[in-house]
Amino acid sequence: MDATGELGASGFPRYVGDGVEVDIDPETRAVEALLVDGAELSLGLVARVVDAQEA
């Protein structure tokens, strides 16, 4: 993921990469908005932020 330097619709920093666009709250690391290949995740699916070393 690469930071775009812009804020997303949620007001948090936007990151993009590999077909994913995500707004992440840097303080809590909560995923505030997420698109995968231009579509929102289906209800019930969950995303979480992990450090690259943990992936």
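1. Contact here means heavy atoms within 4.5 Å. With that in hand, take the contacts in the protein chain between residues at least 6 apart in sequence: 2% of them join residues at least 24 apart. Please keep in mind that this is a predicted model.

2. On secondary structure, the protein chain has 5 strands and 0 helices. The pattern along the sequence reads β-β-β-β-β. The radius of gyration is 11 Å, close to the 10 Å that the globule rule gives for 55 residues, so the protein chain is as compact as a globular protein of that length.

3. Some overall figures follow. The C-alpha trace of the protein chain spans about 25 × 25 × 20 Å along its principal axes. Of the 55 residues in the protein chain, 15% are buried. The accessible surface of the protein chain is about 4,200 Å², and carbon and sulfur atoms account for 50% of that surface.

4. Next, the pairing of S2 with S3. Strand S2 covers residues 13-17 and strand S3 covers residues 20-24; the two pair in the antiparallel sense over 4 bridges. Gly 17 stands opposite Val 20 in S3, and Tyr 15 stands opposite Val 22 in S3. S2 and S3 form a hairpin with 2 residues between them. In that turn Asp 18 has a positive phi of about 50°.

5. On its other pairing, S3 meets strand S4 (residues 31-36) in the antiparallel sense over 5 bridges. Val 22, which faces Tyr 15 in the previous point, also stands opposite Leu 34 in S4. The hairpin of S3 and S4 has 6 residues between the strands, and Arg 29 takes a positive phi near 65° there.

6. Why can S3 be called largely enclosed by the rest of the structure? The reason is burial: 4 of the 5 residues of S3 are buried, so the strand is largely enclosed. Buried means under 20% relative accessible area.

7. Now the charged side chains. In general, side chains of opposite charge can pair when their charged atoms come close. The count here is 2 salt bridges. In one of them the side chains of Arg 14 and Glu 21 meet at 2.9 Å, N to O. In the other, the side chains of Arg 14 and Asp 23 meet at 2.4 Å, N to O. Through shared partners, these salt bridges join Arg 14, Glu 21 and Asp 23 into one network.

8. Which of the three residues are buried, and which is partly exposed? Asp 23 is buried, because its relative accessible area is 0%. Arg 14 also counts as buried, because its relative accessibility is 18% and the cut-off is under 20%. Glu 21 is at 33% relative accessibility and therefore counts as partly exposed.

Technical notes
Residues numbered from 1 in each chain as written. Predicted model: local features only at pLDDT ≥ 70, side-chain atom pairs only at ≥ 80, totals over all residues. Heavy atoms only, no water. Salt bridge = Lys/Arg side-chain N within 4 Å of Asp/Glu carboxyl O. Buried < 20%, exposed > 50% of the residue type's maximum accessible area, 1.4 Å probe, protein only. Rg over C-alpha atoms; globule rule 2.2 N^0.38 Å. Areas by Shrake-Rupley, 256 points an atom, 1.4 Å probe, with all protein chains shown as cover. Pairing = 2+ DSSP bridges.
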